[in-house]
Amino acid sequence: MTIDKLVVLELEGDLRTAGFRATLEIRAELQTLKVKGYLPPAPEVEAQIQQHWQHAYRSLGLALRIKGQKIIHKGSLNRRIAECRESAAVLCDRFQHWLNAASFQSIDRRLREEFSRSDTIRFLIRTDDLNLQKLPWHEWDFFERYPKAEVALSAPEYEAIHSSKTYSGKTVLGKRTVKVLAILGSSEGIDLEGDRQILEQLPDAEIEFLVEPNRQQLSDRLWKESWDILFFAGHSRTEGEAGRIYINQTDSLTLVELKYGLRQAIDHGLQLAIFNSCDGLGLVQELHQLRIPQMIVMREPVNDRVAAVFLQYFLEAFASGEPLYLAERQARERLQGLEHEFPCASWLPIIFQNPLVTPPNWLILRGQPSTSTIAQTPVLPRQQRRGQRLPVLWVCLIVCLAVLLIRSTGVLQPIELATYDHLMRSRPAEIIDSRILVVEVTQEDVNQQGGYPLTDATLVKTIAALQPLDPVAIAFDMHRFQPRGEGRQELIKQFQQNSKLLTVCAFNQADQNYAAPPEFSANQQMEQVGFSNFVTDRFGQLHSSSRSDIQSEASLSKGEIVRRHLLSYDPDLAPSRSTCATPYSLSFQLAYRFLSNTNIAPLQVNAQQQWQFGSVVFHPLPTRFSGYRTLDGTNQIMLNYRAAPPGQTVTLQQVLSGQIAAEMVRTSGDAPLRDRIVLIGYTAPVARDSFNTPYGEMAGVWIHAHMVSQILSAVLDRRSLIGGLPQWGTVQWGDGITILGISLLTGAIVRRLRSRRLWLGAAIAILVIGLYQSCLIGLSQGRWLPLIPSLFAVFLTAMSVALVRNDSLNGR
């Protein structure tokens with residue numbers, strides 16, 4: 001008993017640009033061996049087969065079993081034959097040189113080490129690349145060394161065949177005959193009588209001929225009988241990727257148009273289809289989809305005489321008991337005797353095989369035991385796909401855990417914060433918050449009022465100009481611990497008499513100049529003072545939004561960016577003794593006063609010790625939140641900047657000159673100034689009161705305006721506060737599930753398209769763009785999604801799935 005060896009060479013890629021990732025699988029005596037390799041791009045091979053050899057072959061001008069093609073012949077027949085031979089020789093040289101690539105030698109060497117010259121080898125080339133299917137694989141010197149090896153083509157994906165065979169033919173001496181349905185199609189310009197005579201000489205066969213049948217006759221015979229072999233002779237051609245056969249002088253059809261009848265024949269035991277006609281690769285694609293076990297076709301247009309001779313040689317060998325592959329090789333090689341007249345005739349026949357089916361020999365078709373067995377065939381594709389899923393799941397899970405681990409170290413935090421800033425700037429514009437009026441103290445104002453800082457008398461004049469307009473609150477983003485020029489007593493008196501006036505202090509400052517005015521009572525320090533500190537990200541430090549002229553500090557460095565909004569703070573927790581007694585931010589003090597005049601429920605502290613205005617809860621940021629790794633757990637939220645200034649603006653000079661009317665026009669309509677919060681602060685460069693934000697450098701007074709607008713808009717307008725995905729304490733399980741989902745999606749895309757590099761690249765690009773747009777939309781709706789970790793997951797998963805061994809990823 002002989003054991004046939006099965007070799008599968010899977011090639012994924014393209015010939016022109018990417019080359020092919022090669023996986024060799026050898027199955028023999030229930031053992032499996034796999035070897036990896038790579039075939040580089042070979043555009044010269046592609047050009048030679050498409051533009052030179054194929055053109056030269058089809059220009060020979062021989063009588064062919066192809067219809068509908070007009071070929072222009074140049075020169076004498078002998079010259080055309082010589083040109084075809086020369087082109088074939090060049091193609092063979094380039095093809096062999098390509099197979100000699102260093103990156104492919106691990107496969108080539110292993111092939112030659114595993115087999116002896118006497119081994120019977122079925123060699124499958126698994127690919128859907130049409131150029132590879134047209135290459136003369138039998139010219140590979142491997143097949144010279146192993147005379148019992150033959151090459152066949154196979155599709156990358158295939159399905160098992162489950163037939164319910166019912167034999168209805170004759171028996172001779174208790175042994176069944178082989179049933180053959182022979183279709184002799186259009187014979188226009190060709191002689192099919194030779195094919196008929198050869199078939200009639202088959203021993204132990206029951207043959208039914210359909211000569212130029214119509215569609216109904218052909219379909220009926222496929223439905224009503226069980227067939228072992230389907231044979232077609234006549235005209236055929238490939239149109240795009242589909243094959244067409246001409247069944248009579250007036251009618252032609254694609255095999256899809258016979259799919260129900262063919263499927264019925266396959267389900268009832270059809271084993272082999274032979275298309276002794278032209279240009280059969282298109283027929284292969286359709287027959288493969290119908291799950292036919294094995295086919296023999298001609299890869300190019302075939303001469304009438306060559307087709308008949310091949311059929312005779314093949315059936316002689318096959319009916320005498322040779323295995324299908326060896327019978328096909330013998331018949332193909334014997335065509336070399338015709339190549340003085342018909343160049344490359346031995347290149348034409350090719351087997352197309354479903355790897356899950358054991359090719360039959362003549363004895364098996366007759367229902368007799370065979371003297372040879374076939375090495376174990378590969379795992380069923382559906383089982384393969386089930387086996388694929390588990391390794392891909394493991395890869396994606398490992399990638400997800402790796403990304404989360406890297407993220408937990410804080411390595412990604414700078415990139416995530418920079419990306420957050422970019423997304424923040426990319427959001428659509430919003431309308432101006434008309435509840436806020438910012439009075440800018442410009443450099444011109446400072447010059448006109450006698451320099452920096454403004455005197456107390458100037459502030460008194462400002463209050464006098466604004467107070468009759470009855471705003472909700474007037475806040476000075478200026479530290480006033482020390483008297484500044486004249487008017488101190490009047491300024492303090494104004495604060496004592498008007499509870500709508502507010503100023504600032506700053507904690508974490510040992511300098512008394514950042515304290516509240518010492519004339520303020522304890523109640524005033526709680527009610528009419530808000531801290532001006534901002535939280536920045538570079539060092540996690542707290543900074544005051546206003547600078548005294550004595551401190552003379554420079555602006556924050558570019559790494560220190562205000563992204564968060566500190567609502568309150570316990571001064572007793574300050575690292576140094578605080579000079580600021582109020583626990584509330586200026587923005588909160590102003591928003592609280594505004595909301596107290598509305599019908600919104602007053603500020604409450606819920607069961608989770610979180611602040612709540614009406615139904616809006618201000619959730620403090622946990623120590624780990626989205627892109628942040630180590631927050632301090634204070635009562636802070638993300639600052640949801642508006643894409644436009646959060647309020648209208650006027651200059652100090654406009655206020656002092658009386659240019660502000662009691663009925664200023666809002667952006668959204670008419671409303672009196674009494675419905676507004678007024679913020680007064682420096683924008684003059686001399687004050688050095690500017691900070692870096694996602695929108696660039698911004699004056700401190702405008703940051704306070706953004707903070708006030710955020711609170712008011714969240715409570716009154718239902719504008720979203722910025723949150724992250726769900727988490728339990730510091731466990732960001734929402735981010736983890738998102739990253740895992742993205743990884744799984746990427747793995748599925750790569751697994752599906754890994755052999756189509758351009759499609760894969762386009763799919764990954766679409767995924768990345770979709771991620772970006774989703775995160776941008778999410779941030780616009782108040783949800784900070786993990787863009788950078790997701791992108792890391794995409795690229796790590798793509799590389800892992802692409803590089804991992806095939807035997808661990810997809811069981812091939």
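Me: What does buried mean, and what share of the protein's 812 residues counts as buried?

Reply: Buried means under 20% relative accessible area, exposed means over 50%, and partly exposed lies in between (1.4 Å probe, protein chains only). Here 57% of the 812 residues count as buried. This is a predicted model: local features need pLDDT of at least 70, side-chain atom pairs count only at pLDDT 80 or more, and totals for chains, interfaces and linings use all residues. Residues are numbered from 1 along each chain as its sequence is written, and side-chain values use heavy atoms, leaving out hydrogens and water.

Me: How many helices and strands are there?

Reply: Helices (H or I, at least four residues) and strands (E, at least two) are DSSP runs, numbered from the N terminus. The protein has 25 helices and 32 strands.

Me: Which way do the side chains of strand E20 point?

Reply: In a regular strand, side chains alternate between the two faces of the sheet. In E20, Leu-501, Thr-503 and Cys-505 point one way, while Leu-502 and Val-504 point the other way. Five of the five residues of E20 (residues 501-505) are buried, so the strand is largely enclosed by the rest of the structure.

Me: Which strands pair with E20?

Reply: Two strands pair if DSSP finds at least two bridges between them. Strand E19 (residues 473-476) runs parallel to E20, joined by two bridges. Ala-475 stands opposite Leu-502 there. On strand E21 (residues 529-531), three bridges join it to E20, again parallel. Gly-530 is the bridge partner of Val-504.

Me: How do helices H19 and H21 cross?

Reply: Axes are lines fitted to C-alpha atoms, for helices over the stretch in contact, and angles run from 0 to 180 degrees between N-to-C directions. The axes of H19 (residues 586-596) and H21 (residues 700-716) come within 8 Å and cross at roughly 40°. That makes H19 oblique to H21. Angles under 35 degrees count as roughly parallel, over 145 as roughly antiparallel, 65 to 115 as roughly perpendicular and the rest as oblique.

Me: Which residues of H19 and H21 meet?

Reply: Contact means heavy atoms within 4.5 Å. Among those in H19 are Leu-586, Phe-588 and Phe-594. Those they meet in H21 include His-704, Met-707 and Ile-711.

Me: Is Arg-718 buried or exposed?

Reply: Arg-718 is exposed, with a relative accessible area of 53%. This residue lies in the loop between H21 and helix H22 (733-753). Its phi is positive, about 60°, although Arg-718 is not a glycine. Asp-279 also has a positive phi, near 55°, but counts as buried at 7% relative accessibility.
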